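I would ask you to look at the model on the screen while I go through its salt bridges, its sheet and its helices.

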Amino acid sequence: MIEVVRESTAPTERLWAVMSDVRGWPTWLPTVDAVTALDPDRVDEVGAEYRVEQPKLPPAVWRITEVVPGRSFTWESSAPGMRSVGTHELRPHPDGTTSIALGITWSGVLAPLVRFLVGRTARDYVEQEAEALDRTASGADAGPADPAPDAPGA
């Protein structure tokens, strides 16, 4: 499992608005080239699926499997011989800071090979994603603090 935790002073609501808007990721996330909803009219909720294109990785279809509104969402991608699970969690603290916890796990017969082939790239991407989320949510370009209407759990 790869997990990256980064502390942020950005408001949790702003972090959620940015993180949960998966269709908008290519505009601020250097590790994502494109996110295409397979059903563009569907709300971003459990069951919604997206084709995600990333540099150095084959395109993959990800399906939202769990949402805790304002706090976290999980999605999964399957391919022959393996399953990937991506976690996106915000952990607010009483002092107003928030821990951003992003992770990816692989399971299945091909998981050891995938870890060997793309493990370093995946760790680098997850680190970049946590940093970019913090930077985007903290900056003036983050947009409104309220979740988008089609954000997971909105």
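I begin with Glu45, which forms a salt bridge with Arg42, the closest N and O atoms being 3.6 Å apart. By salt bridge I mean a side-chain nitrogen of Lys or Arg within 4 Å of a carboxyl oxygen of Asp or Glu. Glu45 is partly exposed, with a relative accessible area of 36%, and Arg42 is partly exposed as well, at 31%. Here buried stands for under 20% relative accessible area, exposed for over 50%, and partly exposed for what lies in between, with a 1.4 Å probe and protein chains only.

Some remarks on the basis of these values. This is a predicted model, in which local features need pLDDT of at least 70 and side-chain atom pairs count only at pLDDT 80 or more, while totals for chains, interfaces and linings use all residues. Residues are numbered from 1 along each chain as its sequence is written, and side-chain values use heavy atoms, with hydrogens and water left out.

How many salt bridges does the structure hold? There are nine salt bridges. One of them joins Arg23 to Asp44, with the closest N and O atoms 2.8 Å apart. This pair links distant parts of the chain: Arg23 sits in the loop between α1 and β2, and Asp44 in the loop between β2 and β3 (49-53), 21 residues apart. Helices (H or I, at least four residues) and strands (E, at least two) are DSSP runs, numbered from the N terminus. Is Asp44 buried or exposed? Asp44 counts as buried because its relative accessibility is 0%, whereas Arg23, at 24%, counts as partly exposed.

A further salt bridge connects the side chains of Glu127 and Arg123, at 3.9 Å from N to O. Both residues lie in helix α2, four residues apart, which is about one turn of the helix. Glu127 is partly exposed at 39% relative accessibility, and Arg123 is partly exposed at 34%.

Seven strands form an open sheet in the order β1-β7-β6-β5-β4-β3-β2, with antiparallel pairing; two strands pair if DSSP finds at least two bridges between them. Its edge strands are β1 (2-8) and β2 (34-37), each of which pairs on one side only. On average, neighbouring strands of this sheet are turned by 20° against each other, direction ignored. Strand β6 (residues 82-92) is joined by ten bridges to strand β7 (residues 98-107), and the two run antiparallel. Glu89 has Ala101 as its bridge partner in β7.

Ser72 lies in strand β5 (residues 72-79) and is buried, with a relative accessible area of 16%. Leaving aside residues up to four places away in sequence, Ser72 touches Trp16, Glu66, Val67, His88 and Glu89, where contact means heavy atoms within 4.5 Å.

Finally, the helices. Helix α1 (residues 12-19) lies across β1, β4 (60-68), β5, β6 and β7, running at about 155° to β6. Helix α2 lies across β1, β6 and β7, at about 10° to β1. For these angles, axes are lines fitted to C-alpha atoms, for helices over the stretch in contact, and the angles run from 0 to 180 degrees between N-to-C directions. Leu113 lies in α2 (residues 111-138) and, at 45% relative accessibility, counts as partly exposed.
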